[in-house]
Amino acid sequence: MTQSDALRRYLSSTEPAGVDAGAAAFYASLDVVSRVSPAVAASIAQELRDQRSHLKLIASENFSSLAVQLAQGNLFTDKYAEGYAGHRFYAGCDNVDAIESEASELGRELFGADHVYVQPHSGADANLVAFLAILATTVESPALERLGEKNPAKIGHADWEVLRREFLGQRLLGMDYYSGGHLTHGYRHNVSARLFEAHSYTVDPETKLLDFDQIRARALEVRPRILLAGYSAYPRKINFARMRELADEIGATFMVDMAHFAGLVAGKVFTGDHDPVKHAHVVTTTTHKTLRGPRGGMILSTPEYASAIDKGCPMVLGGPLPHAMAAKAVALREALDPGFRDYAHAVVDNAQALADALQWRGARVLTGGTDNHIVLVDVAESYGLTGRQAESALRSCGLTLNRNSLPFDANGPWYTSGLRLGTPAVTTLGMGTDEVTEIADVITSVLSQTKPAADDKGGTSKAKFNLSESVVDGARKRVADLLAKHPLYPEIDLDIVDPA
Ligand SMILES: Cc1ncc(COP(=O)(O)O)c(C=O)c1O
């Protein structure tokens with residue numbers, strides 16, 4: 001592996017007036033990294049090559065801007081800043097304070113939230129902090145008040161044990177993992193199912209839609225401390241106003257995990273009854289999916305939960321990641337640009353065009369379409385394939401997407417019967433409804449010519465498949481044509497990174 005010399009090559013082949021700062025920064029960063037680790041620099045360049053040569057239809061991914069990426073690649077990674085802006089346990093945090101305050105201020109403006117906490121390192125962390133902050137506010141604080149104390153560290157062991165049991169005995173009601181909910185919403189293998197007595201609601205077996213009456217019946221039966229809405233694989237809007245009324249009826253805290261659709265809230269696709277920030281007590285999100293920021297999490301809340309949420313460190317987190325908060329601030333500034341609203345609406349227009357085009361060509365799309373960025377396809381019923389076979393067949397043709405269990409999936413969570421497709425990334429590349437219709441045509445043409453292969457015991461494999469080379473070549477060419485017209489980071493020339 002040789003050291004990268006991309007910046008020098010770029011500058012010597014470009015007129016000074018034509019130098020692009022983003023491209024120069026990318027080349028410079030590869031050169032600097034490669035002086036220490038040529039292997040890491042080579043992987044970064046290879047990832048760009050791979051992402052440029054495959055169509056990304058992963059619903060939970062996007063392409064962040066170079067500004068977002070560069071805001072994370074600097075000396076802020078070195079700084080410890082336990083606490084929160086203006087209230088730190090370390091010296092020298094003025095600049096981290098400025099960044100954290102900027103990010104939360106922009107978050108408040110973008111979402112119209114009372115309080116925004118930008119420290120969670122991921123969506124899973126954000127949910128854990130939110131759960132514990134809700135329990136601290138609704139269970140721990142009243143219990144401490146009864147004991148005439150504010151600080152849990154100051155009560156005796158016996159009182160603490162009583163409080164801890166009360167804390168751990170609470171009920172959570174969220175969407176079933178196997179129907180599209182997230183594993184942090186009470187899935188048995190996750191800490192959420194150990195922290196709470198976890199219960200779930202599911203979709204209607206026929207329509208695959210959430211049925212508010214069923215959710216209400218479950219809520220009245222379970223009487224949860226937290227009523228949780230939000231999903232990883234559900235293609236429809238949710239009426240958060242009605243969910244809030246239900247939470248009020250049973251005295252629960254209403255929490256929404258908008259990790260997947262935060263960009264659609266920011267971009268004013270989900271408004272009124274469908275805007276979670278208007279109706280929930282606590283809203284968690286990731287920053288890297290439809291919101292198009294860096295990997296990370298955020299929590300929005302009403303004032304009553306704010307001080308408990310700000311104690312994310314020490315409750316769950318250690319020191320915040322100032323470089324990641326800087327990148328969140330950049331992404332939130334980008335999402336406040338009016339162009340982001342056009343982007344968010346285009347994401348949904350594209351998803352609807354994709355769902356329509358797939359159905360026209362014979363694919364079975366769950367719920368008959370979508371209101372958001374997600375399209376779920378039943379490949380078992382449509383093509384006699386498992387999700388695993390469909391995912392691998394399409395990847396071999398240059399399309400990256402993920403298999404997904406469908407509600408009540410007979411093939412289980414590993415092989416699955418479904419595909420989850422999403423339009424955030426291709427929309428960022430500038431593709432519109434014509435391009436997604438072409439993508440639907442490639443997908444249906446590949447899947448209808450993919451056949452399950454035999455397994456070693458003479459049965460039918462759930463993983464292996466047969467697909468002719470000519471179909472793969474034809475699909476790859478169509479994918480390459482689409483990507484050539486919509487390159488990722490067009491200012492970066494990979495021939496400069498790796499000259500022939
Ligand atoms: C609804 C939902 N919540 C939380 C998460 C977790 O986010 P992270 O992977 O950043 O921990 C995800 C990720 O897929 C998600 O879909």
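Ala126 is buried, with 32 other C-beta atoms within 10 Å. A residue is called buried if 20 or more other C-beta atoms lie within 10 Å of its own, exposed if 12 or fewer, and partly exposed in between, with C-beta atoms placed from the backbone. The model is predicted: local features need pLDDT of at least 70, side-chain atom pairs count only at pLDDT 80 or more, and totals for chains, interfaces and linings use all residues. Residues are numbered from 1 along each chain as its sequence is written.

Ala126 lies in helix H6. Helices (H or I, at least four residues) and strands (E, at least two) are DSSP runs, numbered from the N terminus. Leu317 is 191 residues from Ala126 in sequence, yet the two C-alpha atoms are 9.6 Å apart in space.

**Nonpolar cores**

In soluble globular proteins, nonpolar side chains tend to be buried together. A nonpolar core is a set of buried Ala, Val, Leu, Ile, Met, Phe, Trp, Tyr and Cys residues joined through C-beta atoms within 7 Å. The largest one has 128 residues, of which Leu227, Leu354, Leu358 and Val375 touch the most other members. Helix H16 (residues 338–360) supplies the largest share of this core, 12 residues. Leu354 touches Val375, Leu421, Thr423, Val436, Ile439 and Ala440, not counting residues up to four places away in sequence. Another core, of 12 residues, lies apart from it and includes Tyr10, Phe26, Ala45 and Ile492.

**Helix H2**

Phe26 is also one of the buried residues of H2, along with Ala23, Tyr27, Leu30, Val33 and Ser34. Seen down the axis of H2, the buried residues fall within an arc of 135°, so they line one face of the helix; the arc is that of the directions from the helix axis to the C-beta atoms. They pack against helix H1 (6–12), helix H3 (38–53), helix H4 (66–72) and helix H23 (494–497). Ala21, Arg35 and Val36, on the other side of H2, are exposed.

The length of H2 agrees with expectation: its 16 residues (21–36) should span 22 Å at 1.5 Å a residue, and its end C-alpha atoms are 23 Å apart. The expected span is 1.5 Å times one less than the number of residues.

**Backbone exceptions and other residues**

Most residues other than glycine have a negative phi, and most peptide bonds are trans. A cis peptide bond joins Cys313 and Pro314, with omega about 20°. Pro314 is in helix H14 (residues 312–315). Arg292, not a glycine, has a positive phi of about 65°, and Arg292 lies in the loop between strand S9 (282–286) and strand S10 (297–301). Tyr489 has a positive phi near 45° and is likewise not a glycine.

Tyr489 is in the loop between helix H22 (469–485) and H23, and His486 is in the loop between H22 and H23. His486 is in contact with Leu429, Gly430 and Met431, leaving aside neighbours within four places in sequence. The C-alpha atoms of His486 and Phe63, 423 residues apart along the chain, are separated by 13 Å.

Lys56 is found in strand S1 (residues 55–56). With neighbours within four places in sequence left aside, Lys56 is in contact with Gln51, Glu61, Thr400, Ala425 and Val426.

| Residue | C-beta neighbours inside 10 Å | Class |
|---|---|---|
| Arg292 | 28 | buried |
| Lys56 | 23 | buried |
| Tyr489 | 18 | partly exposed |
| His486 | 16 | partly exposed |

How values were computed:
Contact = placed C-beta atoms within 7 Å.
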